[in-house]
Amino acid sequence: MSFPWANEYQPSHPFMKWMDEKLPLPRLVYNSVGSGYPVPRNLNYFWNFGFLALICLVIQIVTGIVMAMHYAANTAVAFDTVEMTVRDVNWGWLMRYAHANGASAFFVVIYIHIFRGFYYGSYKAPREMVWLLGVVIFLLMMATAFMGYVLPWGQMSFWGAKVITGLFSAIPFVGEPLQQWLLGGFAPDNAALNRFFSLHYLLPFVIVGVVILHIWALHIPGSSNPTGVEVKSESDTVPFYPYYIAKDGWAVGAFGFLFCMMLFFFPNALGHPDNYIPANPMSTPAHIVPEWYFWPFYAVLRAFTQDFFFIPAKLMGVLAMFGAILVWFFLPWLDKSPVRSGSYRPTYKKFFWFGLIPAMLVLFYCGGAPAAEPYVMMSQLAALYYFAHFLIILPVVSAIEKPLPLPYSITEAVLGKDEAAQLAPTAR
Amino acid sequence: MAEEDGVRRRDFINIAAVSAAGVAGVGVVIPLVSQMSASADVLAASSTEVDISSIKPGQAIKAVFRKQPVFVRNLTPKEIAEANAVDAATLRDPQTLGERTKEGKENWLITMGVCTHLGCVPLGAGEGEAKGEFGGYFCPCHGSSYDTAARIRKGPAPKNLEVPEYEFASDTVVKIG
């Protein structure tokens, strides 16, 4: 579906006409990311991050397939094959560091993409399905990243695997058998490493599938925009090609610049030195931390140190950690405000910048810190606020807030008055 | 099947076919799920014999059982007294030292070296490692402290360090598993 003024695909070359009759793939591309897809004219740079996320996924799949050509999922040699890839394989160092830093880059991009959604209310009707699929993609990304981090079989790999699969042992009654089933043994070993490799190779393609659904669901109502006012007429939009292809291209250039800076000058800055020690099941590193992108959720896990009525602290921590993400699934229904964009919601905006963002940053910081005071207390307060934001503050604020007057249209928001519009010349 | 029953031949075939497909589906899922459980070679991981003759009072060693560490600790009389001084009923996982050791061998505390929180190896068995504020073991991952009977006293772990099945093969050899 698209707006009625969308350009129509009109192949001129006889071959393209023939193709359009047999398999209208060029038409699909034209209507999805070409001139046939009208997009609000006022998107700011935060709207580039969806495209950047796609670029990251491609980087991960390409470098990952290359890494798999040189890797062996066996506890005896896994660590060495990764090191040999870096040292002996032609350009292996580039592939390995691009893959490791690519995971970090992917999460930077996806966090900005998600917080764009939080601020501008992109999750609201009619885009709930886009949001729900996005949360599914995020969960798949977390599972993929976790299993990928296990593969080099260093100390952090091993103990990360042990701690994270240990989460499942918190589930009453079935926990321990479930953990042993997941690992194929009593502790992470060959069986676990092999299945993690298998799934780490599989899940990115599952992500590709859900991304296609995500974009499909997005293209039904079309993109949201910084005002949150829906598209009313043709003057509110410009065709995706060339306008947003060019802008996304610019963003890819800027991203590539920063990515290469990390890759070539600080390739290990985001890694952990302990993962250059081969896995040793007899000795836990003094300070186990997950990769930085899991820190906020790891802090929530560790925030629970007391039993809560009949629920053990361990189970509470696990439930809270998963709950911290699962609560996002309910966001479209927790936030009842009819105004989408945070720019027109003075109260919500304050709670966003001075509440949610600082709470997330505190959780992020504490997740990487040792499990001691004052970090435990800080994580507890921040975790409490985090849940209060979604479950109490959002519903209450959306009920009592008086939003600012919205512009009549996107065109008016951009040009001051609706009649000033000039239609974008098309690149037919 | 007669038409007058209200059951048509088609209905029967439909139900039979869907049921057969369901049974076949379950039949396919069982091996697919079960193959992920611990394989025979992992389960055959056997028992371990540990020579404890060289462990002096106050010392501990780490042995390996099912690819996981086991702590074998020779408690000092002071540590035994500390463990017995606590009213077990007040603990998170109430157990006395006597229940966690073999009769007549109360000084030999043999437990898995696997924190019951998320499975890290607690510190305290090695020379010079932090033993935590209760003098037993301390898990650096999330700060669980165990006392001199390896009972959970503080932190997120729900249970005491697990006591594996073991027996004294002789005065100096312990057979674990």
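Predicted model: local features only at pLDDT ≥ 70, side-chain atom pairs only at ≥ 80, totals over all residues.
Residues are numbered from 1 along each chain as its sequence is written, with chains lettered from A and ligands numbered from 1 in the order in which they are written.

The C-alpha trace of chain A spans about 70 × 60 × 40 Å along its principal axes. Its secondary structure is 16 helices and two strands (DSSP runs numbered from the N terminus: H or I over at least four residues for helices, E over at least two for strands). Of the 428 residues, 43% count as buried, meaning that 20 or more other C-beta atoms, placed from the backbone, lie within 10 Å of the residue's own. As for contacts (C-beta atoms, placed from the backbone, within 7 Å), 77% of those in chain A between residues at least 6 apart in sequence join residues at least 24 apart.

Chain B is split into domain 1 (3-34) and domain 2 (43-176), with bounds from an automatic or database domain assignment. The centres of these two domains, taken over C-alpha atoms, sit 54 Å apart.

Chain B has an open antiparallel sheet of three strands in the order S2-S3-S4, where pairing calls for at least two DSSP bridges between strands. S2 (60-65) and S4 (108-112) are the edge strands, each with a single partner, so one side of each has no neighbour in the sheet. The twist averages 25 degrees from one strand to the next, with axes being lines fitted to C-alpha atoms. S2(B) and S3 (residues 68-74) of chain B run antiparallel, joined by six bridges, and B:Lys62 faces B:Phe71 in S3(B).

Another open antiparallel sheet of three strands in chain B goes S5-S6-S7. Here S5 (135-138) and S7 (152-154) take the edges with one partner strand each, so each is left with one side lacking a neighbour in the sheet. Neighbouring strands are turned by 40 degrees against each other on average, direction ignored. Three bridges pair S5(B) with S6 (residues 145-147) in the antiparallel sense, and B:Tyr137 stands opposite B:Tyr146.

Finally, the contact between the chains draws 24 residues from chain B and 30 residues from chain A.

Notes. Axes fitted to C-alpha atoms, helices over the stretch in contact; angles between N-to-C directions. Contact = placed C-beta atoms within 7 Å. Buried ≥ 20, exposed ≤ 12 C-beta atoms within 10 Å, placed from the backbone.
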